Amino acid sequence: MNYDIIVVGAGHAGCEAALASARIGKKTLLITANLKNVASLPCNPSIGGSAKGIIVREIDALGGEMGKIADKTFLQMKMLNSSKGPAVRSLRAQVDKVTYPKEMLKTLENQENLTLLESMVEDLIVENKEVRGVILFDNTKILSKKVILTTGTYLKSDILIGDERKRSGPHDEKPSLYLSDKLKQYGFNILRLKTGTPQRIKKSTINFLETKEELGDKECYCFNTEEQMTYDTNKQIPCHLIYTTDLTKKIILENLNKSAMYGGYVTEGTVGPRYCPSIEDKIVRFSDKERHQLFIEPESIYYDDMYLQGFSTSMPRDVQEKMVHSLPGMKNAIITKYAYAIEYDAISPTQVTRSLETKILKNLYTAGQINGTSGYEEAAGQGIIAGINAALAIDNKEPLILKRNEAYIGVLIDDLVTKGTTEPYRMLTSRAEYRLLLRHDNADIRLTKYGYDVGLIKEPRYQKFQHKLKEIDLFSKYLKENKLNPTTNVNSMLKAIKSAPIKDSITLYDLLKRTEIDINILKKLNIIKEIYLDDVMEQVEIEIKYSGYINKINKEAEKMLKQEEKKIPKDINYELIPNLASEARQKLSKINPTTIGQALRISGVNPSDISILLVYLRKKYNE
Amino acid sequence: MEDTIAAISTTLGVGAISIIRVSGPEAIKIVNKIFDKNIKDAKTHTIHYGHIIDKNQIIDEVLISIMLAPKTFTKENVVEINCHGGIITTNKVLELLLLNGARLAEPGEFTKRAFLNGRIDLTQAEGIMNLIEAKTEVGRKLSINQLTGNVSNLIENLRQKLLEIISNIEVNIDYPEYEDIEVLTNKKIYPKLKEIQENIDEIIKKSESGKIIKEGINIGIIGRPNVGKSSLLNYLIEEDKAIVTDIEGTTRDIVEGKFILNGIVCNIIDTAGIRKTDNIVEQIGVDKSYEIIKKSDLIIYLLNNNEKLTKEDIEILNQIKNKKHIVVINKIDLKNNLEISENEVIKISIKENIGLESLKQKIIEIFNLEQIETNDLTYLSSARSISLLKKSKESIEKSLNNIKKYPIDMIELDLKECWNILGEIIGKTYKEELIDEIFSRFCLGK
């Protein structure tokens, strides 16, 4: 058996990696411990969300699958932050936990060049620090040119409920017992991370009259930009909002020492994510808060479980019973799955390069939770990049490295490999300094070309995309070339929409700069006569309305790109640079940044260290 | 980076001792060549008595302090030579050091090295530069405050206020459905931003008095020829620096003198009499006077009690209307011929020593000098810091302008810019601060 690329693990990272690799034309093998668990959603039943929804769009623009499958299997769609500016809008889909994995499996099975194998990988074939394939649990060796590890939370994972600790993957799946020790032997630093998931409640035992219904959007939205999908917005399944009660708080405080986290049952030094604290964490840290918000979310239309978002805990089962029953509408609720915390091994992501190939072993790529991230979208975003880059490397092509001003995926990977992480990393809009450029609405404009260049975006979609770009140009030109003259008629029209009258003729483009005027108004007034597709007009409108801010951010990005152009030679020896602060010397040696820009982003490296480094580089390499 | 620098670190000619500082990897080696004892293996932070010698000839009797890297001001090897022999020998010692391999340090280069070697941060570096330049006691206090981080605290407080708003907006973006977290709106943040704008304004105002402390107040004395400008200058600086004569137009050059008022340096500038004249040399003096009106922080316009107001007087009084100025009427011992509409005048007689104290009092009042001395001296005094502060004010003003036109996540971009600029002043712009703030202040989670 011989493959170009082997992907280990078929979660969201593994699926995207395998599909990318196979679609680029590489003979690919995807190995998973349980085929029934391909692309499963072991935690929240949603895809997207703030910032994450933009990642899904980016995956779609690169030619990935996540967005398409979420579009096929959603129960509810919601555009978040629609009342705010275009830069922070983001789509979230509640998806069906039964059909989502099913659709993904179907896609994998129908994919040319891709073979699925149910087995457990326990070691890598390594020669001279280069990976040549994998070794299965039964000692079978499978050779390949590249290996991509996307093992999720399965490496030596422990499930914690109260004082109970059990070696197991999520939901009683088989854990990977040996691989992380092998990775340690090969020289990887292993981190121990922790996350958790809340209870699942039997739907028929919840009294929804005591909850507040949360509906989906009335407008149609979808992740995939190839086809504009339409659906009946009334048929969406609602979520429900409730709050914790005084009794909940009392129960938790009384039983605090029984929680795995507070009772000291968690491995010392294991760090859980701050954005995903357990309910006991929230009650202790924010003790002045009377109540905490919880969402009851549907998991599937094919079974009865509801997901209790916000109630993640590592309390023992009997306490969990009491806690759940203290909630509104849950007096008689039946818990179908108890909340648990999970501890697992990951590698320190600073050992990985921006192409996602590891620095320790050549031909080895890592993506997803093994790199210290959290979330399906973060995993999938890395997965597609790892798949693309492993395939490009086989063809001796330069890797695809998305920049911080190009994609959230670029921010994600750069943050991971440059700064490392001590807790599972979740994408937040606040991590993206150029978020105004990284919008939901322009993900296709930013990335379709890359997807096309690597071979994941096929000709028809690319042609369509090219056409859209042309239309944007045409519409923009139309607005610049057509003027409104200061006639009484025009000015009374402006008056009617509470806009100042014009004295000289004005282009439609400039008119649109006014806050109170938008394309829809001008269309209604029949001032804009040429009609383009909504997303074409939206692009031009955003460009006009926010040009001041966009220009400013573009300038900042240019500054960053200049720093990125200043390359640091691979063979640099930081020990030889006099006057570097020892912390900086240590961090620079460890992370080995490829550019000055990257060096600047390493925490603990100060501007004075950078000036010393620059002086040294100028001396050593220019003179 | 690796050469060794040397410079005289004390003001030449002031005080009994002059100190020469040598810093760099060769510091010990170079000094050893001109010292009559072997200090090659001297322990760090020790003082050695001996002589500086040049070809067996004793140049000076000195004390040498040896400080080895990294626990020194520059984090390099540092030797300080305490010379006792006055200007000429100190210069000779420096010359010897330069002959033996040291390079003359550029102004501020020790501080620059301290900064580049990570010994001090940017505000501290500026503080030290100010310390060197500080001319008076108050200036010295200001420098020390800057060093100990009072300035940083002041800016940090502002940044914290901004960070609270920014992180709240970010949380609203990243967790849009959390109803129990306050949703900030443009309307809600407006008064908060106004307050920050006012705070920045206040620091700018204070900082400008910080500039006064460091650089002093420039006072221009102007008036028609022979109204007693030079006499007034002489009285204020208590020395005969300007030539005082009765002949009109003697003072053609601008003569500077300094005096200290409540610890603040006042630079007095005497000017040529302003009048219309065909005399070329006079004309230059007149032009310079106008220039000085521009350059001065305060104009003292001097008139004679016994002379009527001329057209020129009215013209110049008009010219200085919008500047800080004091109208002073001299020669009140003589008969009054002057009629003036100015509501506040100081009446003096330099000859009879009348009213001069009230002139000084007026200057103190105008510049709030009493306040400056008693206030805690926490403001910025370097031009760089003040200009950054003004830039931060611009971005907060931008946010206030945009607040009616743009959604809050756009306004936040202006606030972030402001926050970053403030961070630049104190050398801090870590994004992690924001992420930390978000998670420590808000209760979020799945």
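## Notes on a predicted two-chain model

1. Leaving aside its neighbours within four places in sequence, Met560(A) is in contact with Arg404(A), Asn405(A), Tyr434(A) and Arg601(A); contact means heavy atoms within 4.5 Å. Met560(A) sits in helix H17 (residues 547–565) of chain A. Helices (H or I, at least four residues) and strands (E, at least two) are DSSP runs, numbered from the N terminus. Is Met560(A) buried or exposed? Met560(A) is buried, with a relative accessible area of 10%. Buried means under 20% relative accessible area, exposed over 50% and partly exposed in between, using a 1.4 Å probe and protein chains only. The C-alpha atoms of Met560(A) and Asp395(A) are separated by 30 Å, and these residues are 165 apart along the chain.

2. A word on how to read these points: this is a predicted model, in which local features need pLDDT of at least 70 and side-chain atom pairs count only at pLDDT 80 or more, while totals for chains, interfaces and linings use all residues. Residues are numbered from 1 along each chain as its sequence is written, chains are lettered from A and ligands numbered from 1 in the order in which they are written, and side-chain values use heavy atoms, with hydrogens and water left out.

3. Two of the contact partners of Met560(A), Arg404(A) and Arg601(A), turn up again in a network of salt bridges that links Arg354(A), Arg404(A), Asp414(A), Asp415(A), Lys419(A), Glu433(A), Glu564(A) and Arg601(A). A salt bridge is a side-chain nitrogen of Lys or Arg within 4 Å of a carboxyl oxygen of Asp or Glu. Over all chains, the structure holds 61 salt bridges.

4. Next, please look at helix H2 (residues 52–62) of chain A. Why is this helix described as largely enclosed by the rest of the structure? The reason is that 11 of its 11 residues are buried; among them are Ile54(A), Arg57(A), Asp60(A) and Leu62(A). Just after H2(A), Gly63(A) takes a positive phi of about 100°.

5. Glu377(A) pairs with Lys52(A), the closest N and O atoms being 3.2 Å apart. This pair links distant parts of the chain, with Glu377(A) in helix H9 (residues 376–394) and Lys52(A) in helix H2, 325 residues apart. Both ends are buried: Glu377(A) has 2% relative accessibility, and Lys52(A) has 11%.

6. Another pair to find is Arg200(A) and Glu299(A), whose side chains meet in a salt bridge (2.7 Å, N to O). Arg200(A) lies in strand S13 (residues 200–202) and Glu299(A) in the loop between strand S16 (293–298) and strand S17 (305–309), so the pair ties together parts that are 99 residues apart in sequence. Arg200(A) is buried at 1% relative accessibility, and Glu299(A) is buried with a relative accessible area of 1%.

7. Chain B has 446 residues, of which 52% count as buried, and it contains 15 helices and 12 strands. Among its contacts with a separation of 6 or more, 63% come from residues 24 or more positions apart.

8. How do the chains meet? The contact takes 46 residues from chain B and 59 residues from chain A. Together the two chains bury about 4,500 Å², 51% of it on carbon and sulfur atoms; buried area is the accessible area (1.4 Å probe) that two parts lose on being put together, summed over both.

9. Across this interface the rule finds 6 salt bridges. One joins the side chains of Glu177(B) and Lys78(A) (3.3 Å, N to O). Arg435(A) also forms a salt bridge with Glu170(B), the closest N and O atoms being 3.1 Å apart. Arg435(A) lies in the loop between helix H10 (408–419) and helix H11 (443–454) of chain A and Glu170(B) in helix H6 of chain B, so the pair joins two chains. Arg435(A) counts as buried at 1% relative accessibility, and Glu170(B) does at 0%.
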